[in-house]
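I opened my notebook to look up a few things in this structure.

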Amino acid sequence: MTIEFSCSHCNKVLKTSDDKAGRRAKCPQCGEPIDVPLPGGVASDDGFDGFDEPASETPVSEEQSFLGESSVREEDSFLAQGDTNCPMCGASVPAGATKCQACGETLKASRGSGKGQWEPRVFSIGEAFSRAWEVYKANLGIAIGVPLLAGVIYFIGSFVIGMISGLMAVAVVPAGGRGMGPEIPLPIMLVQNVFIYSILFFLQMGGQLTFLKIVRGENPEFSTMFSGGPFLVRMFVCSIIYFIIVFLGFIALIIPGIILSLMFWPYSFILVDRNLPGIESISESRKVMSGNKLNMFGLSLALGGITILGGLLTLGIGLIFIIPFTYMVQTVAYAEMTSQ
């Protein structure tokens, strides 16, 4: 017989055979431990990892209900432990694995993607490069297209805002015989910078969200790059705080500035990934970077070297491919640090 019930944490409808009644396993959607219903009994924690497949989210008919007499196939049971194939490279991976060991492809959504609790861990530079390369090759079009389009939009937007600011300065402050024209008044300059940074942060947030979805195997569309609006105000506040912290660190000594910049580096990723209120992404950055600062420093040096060397060897043309790859490596590093 089949038992159908809802997860007590996320209300996901689950299905398993009745011989699993009374046991404890992890919900495949939220990852929380739940008990298979047993009238008058207590579930036992016997080490089962989780249910293989959740039941359909459509209403359950009487024939499909656990009151019916149909049984669950062994391959559909949560005890099934057979291997499966990676959709990226075709390699055989154990059932229940979250990542392919051959190519690094993410096989299941993790608890770090906006729900549940974080599971911070120390990432490997080599694994970050390896996984980023496989994901980059498999998503070459959108991986290159999003940064390229963002760069064009930012350039055009900044140029238009600069032209408008210049015209406003001419209207407010006459040239007065100066060959270079009038200086832009401070209020106009501040407004100009706010608009320019708004475009920058808007595109940055959308780009990071797009790359996070790519890394998690969620197949985002190009329109995702324009979804940074809800994070804009918080990004302004967090960026100002980040700048002040790092600036004070560099004033004290160079090394503290570097350490602080690494300690709070992933705040923008955390903001779009977790959608945290206020400045919580700043404080959460310390947890994610715990034990990862040295590796992140090495990764930054490697990416900087690749960008400079690649740009010089290709006369700048290769940057069209190199810069998106560096973005992918950074995104993968964040995903690895948050167990995604």
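My entries follow, grouped by topic.

**Ground rules**

I am working with a predicted model, where local features need pLDDT of at least 70, side-chain atom pairs count only at pLDDT 80 or more, and totals for chains, interfaces and linings use all residues. Residues are numbered from 1 along each chain as its sequence is written, and side-chain values use heavy atoms, with hydrogens and water left out.

**Helix pair**

I took helices as DSSP runs (H or I, at least four residues), numbered from the N terminus. How do helix H2 and helix H3 cross? The axes of H2 (residues 140-172) and H3 (residues 186-215) cross at roughly 170° and come within 9 Å. H2 is therefore roughly antiparallel to H3, a label for angles over 145 degrees. I noted that axes are lines fitted to C-alpha atoms, for helices over the stretch in contact, with angles from 0 to 180 degrees between N-to-C directions.

Next I sorted the residues of this contact. They divide into 19 nonpolar, 7 polar and no charged. Here nonpolar means Ala, Val, Leu, Ile, Met, Phe, Trp, Tyr, Cys and Pro; charged means Asp, Glu, Lys and Arg; the others, Gly among them, are polar.

**Surface patch**

I looked up a nonpolar surface patch of about 780 Å². Val152, Phe155, Ile156, Phe159, Val160, Met163, Ile164 and Met168 make it. Such patches use residues with over 30% relative accessible area and no salt bridge, and nonpolar side chains (Val, Leu, Ile, Met, Phe, Trp, Tyr) are joined within 5 Å. Areas come from the Shrake-Rupley method with a 1.4 Å probe.

I picked out Ile164, which is found in helix H2. Ile164 is partly exposed, at 44% relative accessible area. The cut-offs are: buried under 20%, exposed over 50%, partly exposed in between.

**Salt bridges**

I searched the whole structure and found 7 salt bridges. Each is a side-chain nitrogen of Lys or Arg within 4 Å of a carboxyl oxygen of Asp or Glu.

Which residues are linked in a network of salt bridges? I found Lys213, Arg216, Glu218 and Asp273. Arg216 is buried, at 12%. Glu218 bridges to Arg216, with the closest N and O atoms 2.9 Å apart. Glu218 is partly exposed, at 34%.

Asp273 also forms a salt bridge with Arg216, and the closest N and O atoms are 2.9 Å apart. Asp273 lies in helix H6 (residues 267-274) and Arg216 in the loop between H3 and helix H4 (232-252), so the pair ties together parts 57 residues apart in sequence. Asp273 is buried, at 5%.

I then checked Glu284 and Lys287, whose side chains meet in a salt bridge (3.2 Å, N to O). They are 3 residues apart in helix H7 (residues 280-289), which means a separation of about one helical turn.

I looked up Lys137 in helix H1 (residues 125-138). Lys137 and Phe325 are 188 residues apart along the chain, and their C-alpha atoms are separated by 9.4 Å. Lys137 is partly exposed, at 43%.

**Positive phi**

I noted Asn219, which is not a glycine but has a positive phi of about 50°. Asn219 lies in the loop between H3 and H4 and is exposed, at 62%.

Ser339 is not a glycine either, and its phi is positive, about 60°. Ser339 lies in the segment after helix H9 (319-337) and is partly exposed, at 21%.

Notes: Helix = DSSP H or I, 4+ residues; strand = E, 2+ residues; numbered from the N terminus. Parallel < 35°, antiparallel > 145°, perpendicular 65-115°, else oblique. Patch = residues over 30% accessible without salt bridge, like charges linked within 9 Å, V, L, I, M, F, W, Y side chains within 5 Å. Buried < 20%, exposed > 50% of the residue type's maximum accessible area, 1.4 Å probe, protein only.
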